[in-house]
Amino acid sequence: MDIQIFPHRILSADTTELVLNKIEALDDVHRTVINGPRLPPEDLDLPPQYREKRTINVQGKEIDLKVQTGRIFVEISQESTIDEVKNICQDAFPFGFEINIGKFMRTQKTVTDHMKYGDEKIPDEYIGMTDQSAKLSDRLTILKKDGN
Amino acid sequence: MAQYYPGTSQVAQNRRNFSDPDYELEKLREISDEGVVKILGHRAPGEEYKSVHPPLDEMDEPEDYIREIVTPIDGAKAGDRVRYIQFVDSMYFAPAQPFLRSRSYLNRFRGVDAGTLSGRQIVEARERDLERISKELLETEYFDPARTGIRGKSVHGHSLRLDENGVMFDMLRRQLYNKETGKVEAVKDQIGKVLDEPVVLGEPLDEETLKAKTTIYRVDGEAYKDDKDAVEILHRIHVARSEGGFCPE
């Protein structure tokens, strides 16, 4: 089961970092995708007081933030996790948010995936994590839970 | 007494305030003349005004009653070029919005040509008059540094979600929030040319002030349907238009 967190504002890097850390700390969370308008590469040339693009630290892993967070998709298996996520969001988003339940990430290979990866064996969890035109290595960060 | 807008809500009252030329709008910030010229981007600060015709005093004008009755505005007298300023107002409780802007500009300023679109509003005037008008528009309630954009082009963003700090989306990122000072600064002019020095536009207004000053009806603010008076007048206009007929045979 997937959930979509839809904050009523586009999130800054600080809030994204805070929320992702809390969500990733939940045991039931399998996969998380952040989606939103892209942060231009030129952002790094701006003086620090205006800059939005930076590296965030999620559960000890450095992640280059490429987008401003507009939506967060989370794959979970138990409904009780939704309440936990809701609590996290209530603390982090004073401006309001929505949580929708549905299916937001692909679980099957598409024709494009077949063309892109061929017969290569790729783990099921990687499917549907990025758009077709992006390189997996550019967009995907693997966080190992329980130190495994 | 002129009747500018119907309705009993605060939004209706704000619309009346903007439209009434006798109502003095609150001045919220100070922006230097040089800053305004920089943001407009039509001439360099200190540069002479370019002209498209000689001053009116030096011209042989044909005899005309209207020319005698109407006093020309300063820019027309000097023969200035016609230039523009264009604003984008966020749907999230921006103080002004395009139709209201046009309505109020035509009531408040002489010699302007206002153009209204759904998400943006342009006003044209002779250059020196435009600079005077722009200063007034930027310093008073018409403008909020976060929810209003000064955008000559690439205007997209008025209906998009705001950034967390309340700033409206702008693909050219002309107005940026300064995390150190808490103020919004214009780092580019209205068409996106980078400025040597940013122009400080001031602190964004807080949510309560914006909700009190806005001229936009919203269900999460004041809903239009709750303003019975305004709705009644709208119905009356609708019926009168329908009964009057678009093209009676």
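Mentor: In chain B, three strands form an open, antiparallel sheet in the order β5-β6-β7, where strands are DSSP runs of E of at least two residues, numbered from the N terminus. This is a predicted model, in which local features need pLDDT of at least 70, side-chain atom pairs count only at pLDDT 80 or more, and totals for chains, interfaces and linings use all residues. Residues are numbered from 1 along each chain as its sequence is written, while chains are lettered from A and ligands numbered from 1 in the order in which they are written.

Trainee: Why do β5 and β7 of chain B stand at the edges?

Mentor: β5 (175-177) and β7 (194-202) of chain B each have a single partner strand, so one side of each lacks a neighbour in the sheet.

Trainee: How do you know that β5(B) is joined to β6 of chain B?

Mentor: Pairing requires that DSSP find at least two bridges between two strands, and three bridges join β5(B) to β6 (residues 184-188) of chain B. Within this antiparallel pair, B:Leu176 lies opposite B:Glu185.

Trainee: What puts the buried residues of α1(A) on the same side?

Mentor: The buried residues of α1(A) are A:Thr16, A:Val19, A:Leu20 and A:Ile23, buried meaning that 20 or more other C-beta atoms lie within 10 Å of a residue's own, placed from the backbone. They cover an arc of only 100° around the axis, which puts them on the same side of α1(A), the arc being that of the directions from the helix axis to the C-beta atoms.

Conventions. A residue is buried if 20 or more other C-beta atoms lie within 10 Å of its own, exposed if 12 or fewer, and partly exposed in between; C-beta atoms are placed from the backbone. Helices (H or I, at least four residues) and strands (E, at least two) are DSSP runs, numbered from the N terminus.
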